[in-house]
Amino acid sequence: MGRIFSLTGITLFLVITWYVCAFQIIDYDVWWHIVSGRIMRNTGSLISIDPFSYVREGQAYLATHEWLAQVIISYVYDLFGASGLIIFRTILVTLALAPILLISKRIWIMAPIVAFGAIAMRPTILDRPQLFSFVLFSLSLFLSAQWLSKKITIRRYIILALIIQIFWVNFHGGAALLHLVIVGAVLFQIFWNYIKNDLSIYKIIIKSDIKWIFLLGIFLFFALFLSPNTFHNFSYINSLFTDKTVDFI
């Protein structure tokens with residue numbers, strides 16, 4: 001009976017998620033994301049000077065923090081057209097929500113909650129690099145939950161978290177800072193366990209966990225610079241608000 005409930009929940013989740021994602025391309029920015037990806041594919045390098053906006057003629061291109069997402073989006077569109085881009089969007093949203101669905105063994109309970117989440121996030125489901133952030137944020141949450149419940153080892157947690165971070169900083173630049181927030185929450189959780197626990201043996205184990213999670217945070221910070229864009233993943237935020245671009249936006 002439990003298996004039937006789980007399959008029903010998964011079906012409900014998939015049907016609602018795919019229904020929510022079934023709409024035409026409405027975000028105009030996707031077209032310059034596509035062209036940006038083409039330019040980088042053809043030149044083999046990041047775009048340095050803004051090739052689109054007449055109000056920023058000759059100035060630095062501010063979207064290099066999304067370079068990998070733009071390259072992939074351009075590939076999908078060139079190979080499969082607008083319909084392929086819609087399907088790709090739907091796949092990314094499904095991948096973003098599926099790990100949350102699997103955090104609990106009671107899938108039949110989680111499915112309606114996650115399906116409601118798909119409906120609630122509908123205004124943010126646009127064909128933009130942020131979709132990759134949704135997936136990686138969800139994976140990092142799932143991975144952290146797996147380690148906190150001791151379903152994976154600390155070594156595997158660190159390796160997988162670093163892989164996620166490297167992809168994240170190349171897909172959506174500064175958004176990868178959110179991964180540090182998640183790991184910080186994990187560190188706070190195990191530190192809280194250390195404070196409230198009186199068993200000395202258990203405290204020794206927790207001390208080891210605190211050390212490793214703290215080191216993971218340091219590793220993730222340095223991984224933020226493992227991108228062709230390096231520190232510009234973050235300096236663009238300052239540029240956005242200091243060179244008066246925001247006035248035109």
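In which helix is Ile 164 found? Ile 164 is found in helix H6. This is a predicted model, in which local features need pLDDT of at least 70, side-chain atom pairs count only at pLDDT 80 or more, and totals for chains, interfaces and linings use all residues. Residues are numbered from 1 along each chain as its sequence is written, and side-chain values use heavy atoms, with hydrogens and water left out.

**View 1. The whole chain is built from 10 helices and zero strands.** Helices (H or I, at least four residues) and strands (E, at least two) are DSSP runs, numbered from the N terminus. From that end, the elements run α-α-α-α-α-α-α-α-α-α. The C-alpha trace spans about 65 × 45 × 30 Å along its principal axes. Of the 249 residues, 41% count as buried. Buried means under 20% relative accessible area, exposed over 50%, and partly exposed in between (1.4 Å probe, protein chains only).

**View 2. Ile 164 sits in helix H6.** Ile 164 counts as buried because its relative accessibility is 10%. Its C-alpha atom lies 7.9 Å from that of Leu 139. Along the chain, Ile 164 and Leu 139 are 25 residues apart.

**View 3. Helix H2 (residues 29-43) packs with H3.** Two packed helices are described by the angle between their axes and the distance between the axes. The angle between H2 and H3 is about 115 degrees, and their axes are 7 Å apart. Axes are lines fitted to C-alpha atoms, for helices over the stretch in contact, and angles run from 0 to 180 degrees between N-to-C directions. H2 and H3 are therefore roughly perpendicular to each other. Angles under 35 degrees count as roughly parallel, over 145 as roughly antiparallel, 65 to 115 as roughly perpendicular and the rest as oblique. H2 passes H3 in a left-handed crossing. A crossing is left-handed if the near helix is turned anticlockwise from the far one by less than a right angle, and right-handed if clockwise.

**View 4. H5 crosses helix H7 (residues 177-196) at roughly 20 degrees.** The axes of H5 and H7 come within 10 Å. That angle makes H5 roughly parallel to H7. The crossing of H5 past H7 is right-handed.

**View 5. One cavity of 30 Å³ or more turns up in a search of the whole structure.** Rolling a probe the size of a water molecule over the atoms shows where empty space is left. On a 1 Å grid over the protein atoms alone, a cavity is a set of points where a 1.4 Å probe fits but cannot get out; lining residues have an atom within 4 Å of a point. Grid points are joined across faces, edges and corners, and a volume is the space filled by probe spheres set on the points. The largest cavity holds about 60 Å³ of space. Its lining includes Ile 73, Leu 85, Phe 88 and Arg 89. Asp 127, Arg 128 and Phe 132 are also among the lining residues. Helix H3 (67-101) and helix H5 (130-148) each supply at least two residues of this lining. H3 gives the largest share, five residues. The lining divides into six nonpolar, no polar and three charged residues. Ala, Val, Leu, Ile, Met, Phe, Trp, Tyr, Cys and Pro count as nonpolar, Asp, Glu, Lys and Arg as charged, and the others, Gly among them, as polar.

**View 6. Phe 132, a residue of the cavity lining, is found in helix H5.** Phe 132 counts as buried, at 7% relative accessibility. Phe 132 and Ile 210 are 29 Å apart in space, C-alpha to C-alpha. In sequence, 78 residues separate Phe 132 and Ile 210.

**View 7. Lys 150 has a positive phi of about 60 degrees although it is not a glycine.** Most residues other than glycine have a negative phi. Lys 150 is found in the loop between H5 and helix H6 (154-172). Lys 150 is exposed, with a relative accessible area of 51%.

**View 8. Met 110 belongs to helix H4 (residues 107-120).** With a relative accessible area of 17%, Met 110 is buried. Met 110 and Ile 10 are 100 residues apart in sequence. In space, Met 110 and Ile 10 are 9.3 Å apart, C-alpha to C-alpha.

**View 9. Lys 211 has its place in helix H8 (residues 200-223).** Lys 211 is partly exposed, with a relative accessible area of 46%. The C-alpha atoms of Lys 211 and Thr 124 are separated by 37 Å.

Definitions and conventions: On a 1 Å grid over the protein atoms alone, a cavity is a set of points where a 1.4 Å probe fits but cannot get out, and a pocket is an open set with protein on both sides within 12 Å along at least five of seven lines; lining residues have an atom within 4 Å of a point.
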